[in-house]
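Please open the structure in your viewer and keep the sequence beside it. The stops below say what to select next and what is there.

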Amino acid sequence: MIRFALRCSRGHEFEGWFKSNAAYDEQHRAGRLECPLCGDRAVDKAIMAPAVARGGRGEGPSPEVVGKLLAMLRALRSYVEANFEHVGDRFPEEARKIHYGEAEPRDIYGEASREEVESLLEEGIEVRPLPWVPKLDG
Ligand SMILES: [Zn+2]
């Protein structure tokens with residue numbers, strides 16, 4: 001199953017689960033997608049994350065903007081490192097144990113593959129991938 005963020009023509013955002021990208025395309029083409037809030041059938045994928053692309057000319061994000069973003073991401077990393085327990089590649093295992101009450105509830109972070117994160121989410125376990133930036137002193 002894949003989850004897509006969807007948006008109707010009136011701007012309502014909601015989530016839809018699909019067997020595959022092709023299943024989404026098929027339902028989209030057939031007009032079977034419907035906004036749960038207003039019933040609008042003009043539904044499309046919402047844009048998930050901001051992205052930048054440079055066309056070769058013009059300016060990209062200024063070094064100040066990039067610097068500020070990196071500083072925010074480093075602050076996020078420091079916060080997580082200070083407040084969450086690092087469990088490394090045991091992350092999927094520990095997240096499951098905590099979810100199923102087999103380990104003490106606590107905040108953890110660690111490494112997991114994309115597939116592992118997806119299967120955790122399918123089990124209803126709250127995990128979030130973080131944009132991890134290298135430390136300045138690292
Ligand atoms: Zn709507």
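Before the first selection, one term is needed: two strands count as paired if DSSP finds at least two bridges between them. With that in mind, select Cys-8, and then look in E3 for its bridge partner, which is Val-43. Keep in mind throughout that this is a predicted model.

Now widen the selection to strand E1, residues 2-8, which is joined to E3 by 3 bridges, the two strands running antiparallel.

Next, show the whole protein chain, which holds 4 helices and 5 strands, and follow it along the sequence, where the pattern reads β-β-α-β-α-β-α-β-α. Of its 138 residues, 6% count as buried. Among contacts between residues at least 6 apart in sequence, 43% join residues at least 24 apart.

For the next stop, select strand E4, residues 85-88, together with strand E5, residues 108-110, a pair that runs in the parallel sense over 3 bridges. Between E4 and E5 the chain passes through helix H3, residues 91-99, and this β-α-β crossover is right-handed. Within the pair of strands, pick out Gly-88, which stands opposite Gly-110 in E5.

Stay with H3 and select Phe-91, Pro-92 and Ala-95, which are the buried residues of this helix. Since they cover an arc of only 100° around the axis, they lie on the same side of H3. To see what covers these buried residues, display E4, E5 and helix H4 (114-122), which are included in that cover.

Moving on past the end of the helix, select Gly-101, which comes just after H3 and takes a positive phi of about 75°. Further along, in the loop between H3 and E5, select Pro-105. Is Pro-105 buried or exposed? Pro-105 is exposed, because 9 other C-beta atoms lie within 10 Å, and a residue with 12 or fewer counts as exposed.

Notes. Residues are numbered from 1 along each chain as its sequence is written. This is a predicted model: local features need pLDDT of at least 70, side-chain atom pairs count only at pLDDT 80 or more; totals for chains, interfaces and linings use all residues. A crossover is right-handed if, with the strands pointing away from the viewer, the path from the first strand over the helix to the second runs clockwise. A residue is buried if 20 or more other C-beta atoms lie within 10 Å of its own, exposed if 12 or fewer, and partly exposed in between; C-beta atoms are placed from the backbone. Two residues are in contact if their C-beta atoms, placed from the backbone, lie within 7 Å. The arc is that of the directions from the helix axis to the C-beta atoms.
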